[in-house]
Amino acid sequence: SPVWSLNEPQRYGIANWVFNGPQSPENQMRVMAHSLVYGAARLTIRRNAELENVSVVRYENSDSCGDCQLKATNVVIAKNDLLQNTMTDFHHSCTGMYVPVRSGVYEPPEYARSWGEKIAQARLAGNVNADDIAKWLEDN
């Protein structure tokens, strides 16, 4: 969401994270600016899809971290399959985006389809919680 719509505790939290985070304030500010811009874009896409009554999917790049791979849409989705469970949390430095399905169906990229198979393999290997599965995805 745009900076001007952040309430005072949110603005304080951002300032605290920027100036007291694990990296230099300059780098923390860069990460936060990136996060706010991508967050505003995602919110706009999601709200427009709701207004248009179309489905929205989560697209991730092929080099996404295991956690984002786990949250990406990796199955075919039709325009009228309104997904209420599309994951809404993103890492500050991730570039995943929502994609509206305005006509026909969304066909995920081949690499995203393979993530579904890898997630199943991770579960067969005994990983049951999301953090363990994400770590397994990154390691394999």
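Among contacts in this protein (heavy atoms within 4.5 Å) between residues at least 6 apart in sequence, 70% join residues at least 24 apart. The structure is a predicted model, in which local features need pLDDT of at least 70 and side-chain atom pairs count only at pLDDT 80 or more, while totals for chains, interfaces and linings use all residues. Residues are numbered from 1 along each chain as its sequence is written, and side-chain values use heavy atoms, with hydrogens and water left out.

Five helices and four strands make up the secondary structure, assigned as DSSP runs numbered from the N terminus (helices: H or I, at least four residues; strands: E, at least two). Their order along the sequence is α-α-β-α-β-β-β-α-α. Along the principal axes, the C-alpha atoms fill a box of roughly 40 × 40 × 20 Å.

Of the 140 residues in the protein, 33% are buried, that is, under 20% relative accessible area with a 1.4 Å probe, protein chains only. The accessible surface amounts to about 8600 Å², and carbon and sulfur atoms account for 54% of this area; the areas come from the Shrake-Rupley method with a 1.4 Å probe.

Cys68 counts as buried because its relative accessible area is 1%. Apart from neighbours within four places in sequence, Cys68 is in contact with Arg58, Glu60, His91 and Cys94. Gly96 is 28 residues away from Cys68 along the chain, and the C-alpha atoms of these two residues are separated by 7.7 Å.

Key. Buried < 20%, exposed > 50% of the residue type's maximum accessible area, 1.4 Å probe, protein only.
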